[in-house]
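Hi,

Here is the structure I promised to pass on.

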Amino acid sequence: MITVIGMWEPDWMDTDRSEIRLWKQTIQAFNVDIWKMAPASHTRFSVPEQFNSIDEAIINTPGKKTFFVSPRTHQGVELKDYVHPENAIYVIGSAVETLMRFVTEDDDVVSVNTPTQAALFGAAFLSIPLYDRLIKQ
């Protein structure tokens with residue numbers, strides 16, 4: 001079971017038309033079971049389930065979570081060494097928000113290296129840990 005909690009990019013692009021397509025393509029390609037996003041868009045979608053705030057989305061998803069970060073901003077287990085849980089809850093921030101303030105001692109923090117340690121948009125970033133999970137299974 002794979003759950004993804006993500007954030008819409010603030011003031012990045014048209015959430016209702018463009019950004020949702022980027023997220024949805026990856027969600028479908030990797031058979032994600034549950035998809036949650038915040039903050040809620042003014043448009044109602046059948047998926048993802050939307051929350052008014054990322055806090056609300058995280059709180060309403062019980063279980064151990066895996067937060068993915070850039071090593072430029074935070075350290076964690078390197079993705080290449082990470083053992084993905086069978087029932088995963090992946091939390092993906094935006095290009096400007098890492099969500100580290102929500103990490104508890106029970107959660108995992110995983111660093112994802114890129115050649116330039118660039119901050120990636122969540123929709124672009126999501127495929128990296130999902131592909132890593134796939135090839136390690």
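Below is what turned up, starting with the salt bridges and moving on to the strands.

This is a predicted model, in which local features need pLDDT of at least 70 and side-chain atom pairs count only at pLDDT 80 or more, while totals for chains, interfaces and linings use all residues. Residues are numbered from 1 along each chain as its sequence is written, and side-chain values use heavy atoms, with hydrogens and water left out.

Searching the whole structure gives three salt bridges (a side-chain nitrogen of Lys or Arg within 4 Å of a carboxyl oxygen of Asp or Glu). In one of them, K136 meets D132 at 2.9 Å, N to O; the two are four residues apart in helix α4 (residues 127-136), so about one helical turn separates them. D132 is buried at 9% relative accessibility, and K136 is partly exposed at 36% (buried is under 20% relative accessible area, exposed over 50%, partly exposed in between, with a 1.4 Å probe and protein chains only).

D108 and K64 also form a salt bridge, with their closest N and O atoms 3.4 Å apart. That pair links distant parts of the chain, 44 residues apart: D108 is in strand β7 and K64 in the loop between α2 (54-59) and β4. Helices (H or I, at least four residues) and strands (E, at least two) are DSSP runs, numbered from the N terminus.

β4 pairs with β7 (residues 108-111) in the parallel sense over four bridges; strands pair if DSSP finds at least two bridges between them. V69 has S111 as its bridge partner in β7.

Enjoy exploring!
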